[in-house]
Amino acid sequence: MNVPLDQITTITSEALAALAGVESIEELDERVASIVGKRSAFAAVQKSFGSLEPDERRTMGAQLQEARRTVEVAVESRRAQLRAAQRAAMLDADRLDLGDVVVAAQTWPVSLGHAGLVDSTQAELEDVFVAMGFTVAEGPEVESDWYNFEALNIPPAHPARGMWDTFYVDLGDPETVVLRTHTSPTQVHLMEAAVANNSLPIHSVAPGRCYRRDTPDARHLAAFHQIEGLIVDRDITFADLAGTIETFTRAYFGPDIESRLRPAFFPFTEPSAEFEVTCTICRGTGCRTCSNTGWIELGGCGMMDPAVFEAVGIDPDVWSGFAFGFGIDRCAQMKHELSDMRALVENDVRFLGQFA
Ligand code: FA5
């Protein structure tokens, strides 16, 4: 009987049996030295080969190495099995029971989100003007100098440009493309289109975003919204403008809010006025929001200046009209009594949630 060969067979079967009994990767790491490493039966048997004849020692050494490799492969295969089982157990523990989610959704109301206050105010303003016979138009937020200024009777270097602190876009010649500072350039687009399509008169409003290099404060933002109004028709007078603004104020704010028009200057309207309402924060007694005046300016307005009609090819002897531009954010601020306009852009869910 070949004793060393029997020994190798025996220790190999014992090593494989020991491996099969290992239950975890940690246990495998602890026991691997005694199964196949320096403390194993393989190491002991190898030492005993010192007493064999050289030829037999070589043959038995090769057999022992092969047996040890077999066990090493079995160790790695057992390690892979244990890792897969560990991962499956982890996934099982993490599995989400959809039944639980449904129950959670029923007991924990999930908010669906809603339009922001500026969007909903814009929609309300559009509704009021549509009910008054206006159609709703829109214009681009990036404008050429011509639309934002020149066609509105504000030539280059005119001191009135100082009324609007402008963001310029890095396109074309310097300072020829702007982020619109107001919605008034939409007037020019509407009139040009009406002339091109021979579709005068115009009774339109055009809401949209505007940009100014204004420092945000209680009544100002750098990106804000206006709604422009434009009437071009025959025999339009200042009384039509005043009546339109009065009708709008009552429809949007209700009968309790007072409004007034104060003389003002805009290069594209003559005469021009500023439209103000009683400050809803202090009800007219004066506060930080209205700079202690008791009034808040909502917009500008006036009768169309003949120079603007001429710039777009409308005959001022036949047509007359008026325009206005109200701040949408200001309307929201006054309607909902917000002492600081910055609340509209701070994204505080406690604020937003009040307007669901
Ligand atoms: C204008 O922008 C003129 N285009 C209005 C106009 C239109 C006059 C048509 C005549 C005919 P003004 O700069 O005053 O005017 O702005 C009008 C309104 O926009 C202000 O009363 C205010 O309600 C709002 N507004 C202006 N700047 C800001 C700002 N930085 N943040 C929030 N609202 C603003």
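P271 is found in strand β7, which spans residues 269-278. A cis peptide bond joins E270 and P271, with omega about -5°. The model is predicted. Its ligand sits in the largest pocket, and 26 residues surround that ligand. The structure also holds 15 salt bridges.

**Backbone geometry**

- A cis peptide bond also runs from L200 to P201, with omega near 5°.
- P201 has its place in a loop. That loop lies between α8 (185-197) and β4 (202-211).
- A157 has a positive phi, near 70°, and is a residue other than glycine.
- The loop that holds A157 lies between α7 (145-148) and β3 (177-179).

**The shell around the ligand**

- Which residues of the shell are closest to the ligand? They are H182, S184, D214, L221 and E297.
- Three strands each supply at least two residues of the shell: β5 (223-233), β8 (295-304) and β9 (320-327).
- Which element gives the largest share? Strand β8 does, with five residues of the shell.
- By type, the shell divides into 10 nonpolar, 10 polar and six charged residues.

**Polar contacts and burial of the ligand**

- L298 uses its backbone instead, where a polar atom is 2.9 Å from an oxygen atom of the ligand.
- G327 also brings a backbone atom, N or O, to 3.4 Å from an oxygen atom of the ligand.
- How much of the ligand does the protein bury? Taken alone, the ligand exposes 680 Å², and the protein buries 96% of that.

**Salt bridges**

- Side chains of opposite charge can pair when their charged atoms come close.
- One of the 15 salt bridges is formed by D29 and R79.
- The closest N and O atoms of D29 and R79 are 2.8 Å apart.
- Which parts of the chain does the pair link? D29 is in helix α2 (residues 25-35), and R79 is in helix α4 (residues 54-94).
- These parts of the chain are distant, as D29 and R79 are 50 residues apart.

**Points to keep in view**

- Look for the two cis bonds at the prolines P201 and P271.
- Find the ligand in the largest pocket, then trace β8, the strand with the largest share of its shell.
- For a link between helices, follow D29 in α2 to R79 in α4.

Note on methods
Residues numbered from 1 in each chain as written. Predicted model: local features only at pLDDT ≥ 70, side-chain atom pairs only at ≥ 80, totals over all residues. Heavy atoms only, no water. Near = heavy atom within 4 Å. Polar contact = N/O pair within 3.5 Å; in protein donor to acceptor, adjacent residues only side chain to side chain. Areas by Shrake-Rupley, 256 points an atom, 1.4 Å probe, with all protein chains shown as cover. 1 Å grid on protein atoms, 1.4 Å probe; cavity = no way out; pocket = protein on both sides within 12 Å on 5 of 7 lines; lining within 4 Å. Sits in = over half its atoms within 2 Å of the grid points. Helix = DSSP H or I, 4+ residues; strand = E, 2+ residues; numbered from the N terminus. Nonpolar A, V, L, I, M, F, W, Y, C, P; charged D, E, K, R; others polar. Salt bridge = Lys/Arg side-chain N within 4 Å of Asp/Glu carboxyl O.
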